[in-house]
Amino acid sequence: MAAAGLGVTAAPFTKAAHVLGAVSAFLVLVWCIRFRGGLALENENKNLIFNLHPVITLIGFVVLGSEAIMIYKVFPSWDRYTVKMTHLILHGIATVLGAFGIYCAFKFHNEQGMSNFYSLHAWLGMATIVLYAIQWVYGFVTFFFPGASPGVRRAAMPWHVLLGIFVYVLALVTTELGFLEKLTFLEIFVGLDKFGMEAILVNITSIVVVLLGASVVVASVTPVHDKEIPQDYAPLPGEC
């Protein structure tokens with residue numbers, strides 16, 4: 001494993017990701033409930049409908065998506081079937097929540113008479129949910145039921161992992177663009193204080209999401225045990 005050259009195991013990064021995921025979910029809830037007025041699927045105040053969008057999509061795509069990716073490193077002693085099923089279920093829930101979060105954004109726009117797909121955030125968000133769903137169906141059919149032949153599974157696994165990391169990073173980028181877009185909108189059209197508590201909270205949440213994503217990616221490419229880390233390193237000629 002090439003990433004073993006980092007000289008670290010996945011454990012500290014998975015632990016950090018658990019904490020950062022919980023913190024990011026807490027912060028986005030504080031933002032939408034404390035500063036933006038609350039959450040509602042039906043309300044005269046349409047902003048409460050929109051507030052569901054960042055909460056649901058972050059918890060789905062980012063938090064649960066992170067846990068699904070790391071499950072193989074968090075519970076390496078679990079039998080293959082159990083860990084594969086847990087991975088599948090977590091990603092399935094993340095897909096449903098992501099789709100519902102996007103629906104809330106559409107519902108808000110439509111009830112406000114606003115256009116859809118007017119920003120890069122919206123376009124990448126749609127790409128994320130489509131690729132996420134394709135990835136889930138592909139994984140289900142190939143590795144779970146009906147299941148491809150062993151040879152096909154071996155050949156497909158690297159691509160499944162690579163696409164999974166790509167879609168996860170795409171979800172992170174889309175999340176960051178969403179925070180930026182909403183905060184910019186509030187500052188320009190609502191007069192939100194650029195250095196006020198709400199703006200600071202949103203920026204801190206964005207930083208936490210970046211750190212969460214970095215922890216998950218590193219955890220996904222590092223070994224579980226110390227014995228997997230090469231101990232026979234020799235410097236290259238001319239290297240100190």
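In which helix does His 87 lie? In this predicted model, His 87 belongs to helix α3, which covers residues 80-112. The legends below begin with the whole chain and then turn to close-up views.

**Figure 1. The whole chain is built from helices, with 6 helices and 0 strands.** Read along the sequence, the elements follow the pattern α-α-α-α-α-α. The C-alpha trace spans about 60 × 50 × 30 Å along its principal axes. The chain has 240 residues, of which 41% count as buried. Among contacts between residues at least 6 apart in sequence, 72% join residues at least 24 apart.

**Figure 2. The span that UniProt annotates as "domain: Cytochrome b561" covers residues 16-221.** The annotation comes from an unreviewed entry. In the model, this span is 84% helix and 0% strand. The C-alpha atoms at its two ends, residues 16 and 221, lie 15 Å apart.

**Figure 3. Helix α1 runs over residues 11-35.** With 25 residues at 1.5 Å a residue, α1 should span 36 Å; the C-alpha atoms at its ends are 35 Å apart, which agrees. Buried residues of α1 are Thr 14, Ala 17, Leu 20, Gly 21, Ser 24, Ala 25, Leu 27, Val 28, Trp 31 and Cys 32. The elements covering these buried residues include α2 (46-74), α5 (150-190) and α6 (197-221). Just after α1, Gly 37 adopts a positive phi of about 100 degrees.

**Figure 4. Helices α2 and α6 pack with their axes 9 Å apart.** The angle between the two helices is about 25 degrees. This value is under 35 degrees, and α2 and α6 are therefore roughly parallel to each other. Their crossing is left-handed. On the α2 side, the contact is made by Leu 58, Val 62, Ser 66, Ile 69, Met 70 and Lys 73. On the α6 side, Val 209, Leu 212, Val 216, Ala 219, Ser 220 and Val 221 take part.

Figure 5. Is His 87 buried or exposed? The relative accessibility of His 87 is 15%; the cut-off for a buried residue is under 20%, so His 87 counts as buried. Leaving aside neighbours within four places in sequence, which residues is His 87 in contact with? They are Ala 68, Ile 69, Ile 71, Tyr 72 and His 160. One of these, Ile 69, also belongs to the α2 side of the contact between α2 and α6.

How values were computed:
Residues are numbered from 1 along each chain as its sequence is written. This is a predicted model: local features need pLDDT of at least 70, side-chain atom pairs count only at pLDDT 80 or more; totals for chains, interfaces and linings use all residues. Side-chain values use heavy atoms; hydrogens and water are left out. Helices (H or I, at least four residues) and strands (E, at least two) are DSSP runs, numbered from the N terminus. The expected span of a helix is 1.5 Å times one less than its number of residues. Buried means under 20% relative accessible area, exposed over 50%, partly exposed in between (1.4 Å probe, protein chains only). Contact means heavy atoms within 4.5 Å. UniProt positions are given in the numbering used here, feature names are shortened, and annotations may be inferred rather than shown by experiment. Axes are lines fitted to C-alpha atoms, for helices over the stretch in contact, and angles run from 0 to 180 degrees between N-to-C directions. Angles under 35 degrees count as roughly parallel, over 145 as roughly antiparallel, 65 to 115 as roughly perpendicular and the rest as oblique. A crossing is left-handed if the near helix is turned anticlockwise from the far one by less than a right angle, and right-handed if clockwise.
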